[in-house]
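Please walk through this structure with me, starting from one whole chain and ending at single residues.

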Amino acid sequence: MSDTKKVRLTINGKEVLSEAGKSLLQAAIEAGIQIPHFCYHPGIGIEGSCRLCLVEIEGVAKLQTSCTVPVKEGLVVSSESETVRTARKGVLEFFLINHPLDCPICDKGGECPLQNYALDAGQSYSRFEFDKIEKGKHQVIGEHIVLDTERCVLCNRCVRFLRNLTGREELQIRNRGVHSEIFVPEGASLTSGFTGNLADICPVGSLTTREFRFRARPWELKTIDTICGECSLGCNVQAWKKETQLLRVTPRIEPEVNEYWLCDRGRFSLHHRITPDRLTAAHKPGNGATLASPAQVASMIADEIRGVPRGDMAFVAESSLTNEEFFRLKKLAAAAGGKVYAPLSTEAVELARKLAGEGLSGGFPGKLEQAKTVLLLGERVEEEHPVLALRLRRLYHAYQIRLLTFGGARRGFEDIRASHTEVAGDPESVQSLFEKLSKGGRADEFTYVFLTDRWVDSATLPAILRCLDEARGAGGPRLSVSLLWNGANAAGLAAQWDSAVHPTAELEADIQRGKVQGVLWFGEVRGGTVFDEYLRGMRVFVQAVHRLAEAHPRARWVLPLESGLEKKGTYLNTFGRVQTVRRTVRLIEKGYEPMSMLRLIRQKLGVEDTLSVEQVYEELAKEFGYPKTLGEIPESKQTYDHYARALWR
Amino acid sequence: MAVIVAPRPGLRWWDKLYLPPILQGLSITFRHIFRKKVTMQFPEERWKYPPKYRGFPKLVMGENGIEKCVACKLCEVVCPPIAIAIDIKEYERQDLRERVPAEFIIDLGRCIVCGMCEEACPKDAIVMSDEHIMSCASREGLVFRKTLLLDDYHKIETQRT
């Protein structure tokens, strides 16, 4: 789309520059002017039912809802005149008539827009003399959500979110007037996998999370910005800590990654990652005594590695390793003369390189809003990249994009049947589809293609590469192709792929040929696989896992492994965005975490390494063109709080 | 400066004895033996504390044998010396009460008896009691937990270390 027309208007005497098509409320928020509102949410859309955002427009007799009025050149708007203030007081008085006196027991207290609007713009007394309406209290709906119907202010955000962004109408409103209430319709339950967002968007304490229920007040908590480590999208999150305990995780707004959302798997991952049974120091099975120090453990492991013939040591990475950890692992492998194995396929890496090299890949840079057609190649996108599926659904509802999915029964998006078309899986069909897509259509339209990494194999790769060459040459609509990697930092591992790195698929063959006598294995070994059998005969078997129970019975050394929330470093998301990961809690004893152990083992093998995490990053930044230092990586500090944080904080 | 000589009354033989003023004073003391004493035998006797007397804070019991406190943490956040620490829990009988404190600790060594907690409480669950003595053999003994704060705690002095 061509640049949108700029519109100049005046709000509260201040000149504001906005874009045609935006509402007064959007323009005001962007200009930093606070106008109380409930039913509008930038990620959900406009409703106009709460009547809280009323403003006075010069020349217009009655007050207007700023969320529904589009900006117009020369408008003079006031959101702080006497009339507006009185109206706001009245609307708030109405909201508070039947609102229960639950603030002391309500989880939203301290971060509640209703509390803050009432204090700032409401009146300090109530004229209501009767008994308040009673409705259902603390009802558990779904795995993560508690509903308190009495507190609901009927902004409808939850209903709209579930219907338009997740495609399932799992909450509805019934009855009229004061008896209106949110309910779960017969036969439905909250299964969308995005229910945690309901607690974020609800402006009062009506929808809250079970995990955070009665845990703490927001003013007691400190926040740490980091990245969710559950999938390769790398959603930006804020971790909330009370002293040393991690209590909840909420999203940060990042238009290029997760917008306003988090999936339930990522949001609630802390509860199954940070558990009391985590391994916190190195462990030698069979040795009951406590180990002396990380340096001594490293020394013993290094001795064992030296016992393996040069070239026969395998270093197996997993996709949750940070860029810095993988860098150190490669260096360790070089010092030991061994090979590195990563859980990626050579074809996928090759495609990713080609896409990056041609400037075709980019995933989400804002332009996703300009997509006309989105082609999803691969299965389980909804399960493995939930927030991407959410964003695509929002686009479908807001802009009516054409969504084409390929795959078998598990390709998802069943609710968009009318629009999406199934595409058969053979390379020929895909090629003809690519051809159709790259011709016809305007040059300023975008066609976005997302392929899962498993879809790219030796059969499909040549077809895709041919299509890309032809599409570019045809001069049709602009094409963007992105690979959806599986695993938090699979993209980071792919970026550092070189001749020393091999696909884990080759490991089995190498072991069978007797070319592997020792392994340093990150992560669990899937039981029942061929590895399970072969690993029993290894001379050296060092494994890094989260819990002792996850270690292979034949592991001779078990090292502790950090979860994504405990790592310090960077992740590369599947769209090539490098993001800072911060340590939110320290569970592992100092010196035993992977970054430290890899360095110590390499040191004991004779190669000195004194680089800190920041310095390792700077090396990587030089090689890959990332922002020069950790501090320079751009990140969003924004959370959608409109008035949720009391202004005195 | 001129020297001024202060006139002193001449002492008679009566005055030089010094005994008569002593006897005069003792007679006043003797008269007091037969008067009503105003001394209060503290701590066994206490005066009637005025209704707004501000002693150390205590918790109030509510209906159904559950403390009135809902662990809203307003007293904790307003307390100037940060003497209060509260943990929340869900009450077993959600139909009677949703939220109670799992633990309610006031370090009476830190408490400055200002009464802000009583003012802040929306449930009248914490009030300033009549208790103003806090003697203890150790600082740890002054850290009072929920059960002690709910009780008539000046009566169980002997149980404190």
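Predicted model: local features only at pLDDT ≥ 70, side-chain atom pairs only at ≥ 80, totals over all residues.

Residues are numbered from 1 along each chain as its sequence is written, chains are lettered from A and ligands numbered from 1 in the order in which they are written, and side-chain values use heavy atoms, with hydrogens and water left out.

Begin with chain B. Five helices and five strands make up its secondary structure. Here helices (H or I, at least four residues) and strands (E, at least two) are DSSP runs, numbered from the N terminus. Along the sequence they come in the order α-α-β-α-β-β-α-β-β-α. The radius of gyration of chain B is 28 Å, well over the 15 Å that the globule rule gives for 161 residues, so chain B is more spread out than a compact globule. That radius is taken over C-alpha atoms, and the rule is 2.2 Å times the number of residues to the power 0.38. The C-alpha trace of chain B spans about 90 × 50 × 30 Å along its principal axes.

How much of chain B is buried? Of its 161 residues, 32% count as buried. Buried means under 20% relative accessible area, exposed over 50%, and partly exposed in between (1.4 Å probe, protein chains only). Chain B exposes about 11,500 Å², with carbon and sulfur atoms supplying 58% of it. These areas come from the Shrake-Rupley method with a 1.4 Å probe; for residues, only the protein chains shown count as cover. Among contacts in chain B with a separation of 6 or more, 66% join residues 24 or more positions apart. A contact means heavy atoms within 4.5 Å.

Now turn to the interface. The contact takes 16 residues from chain B and 16 residues from chain A. Together the two chains bury about 1,200 Å², 56% of it on carbon and sulfur atoms. Lys73(B), Glu98(B) and Arg99(B) supply 45% of the area that chain B buries against chain A, more than any other three residues. Buried area is the accessible area (1.4 Å probe) that two parts lose on being put together, summed over both.

Next comes a helix in chain A. Why is helix H4 (residues 157–166) of chain A described as largely enclosed? Eight of its ten residues are buried, so H4 is largely enclosed by the rest of the structure. Among the buried ones are Arg157(A), Phe161(A) and Leu165(A). Their cover includes strand S8 (172–174), strand S9 (181–183) and helix H12 (386–399) of chain A. Gly167(A) follows H4(A) and has a positive phi, near 80°.

The loop between S8 and S9 of chain A holds Gly177(A). Gly177(A) is exposed, at a relative accessible area of 55%. Its C-alpha atom is separated by 38 Å from that of Gly412(A), 235 residues apart along the chain.

Finally, look at two backbone angles. His138(A) is not a glycine, yet its phi is positive, near 25°. His138(A) lies in the loop between helix H3 (113–121) and strand S6 (139–141) of chain A. It counts as partly exposed, at 24% relative accessibility. Glu259(A) also has a positive phi, about 55°, although it is not a glycine. Its loop runs between strand S13 (245–251) and helix H6 (264–267) of chain A. Glu259(A) is buried, with a relative accessible area of 7%.
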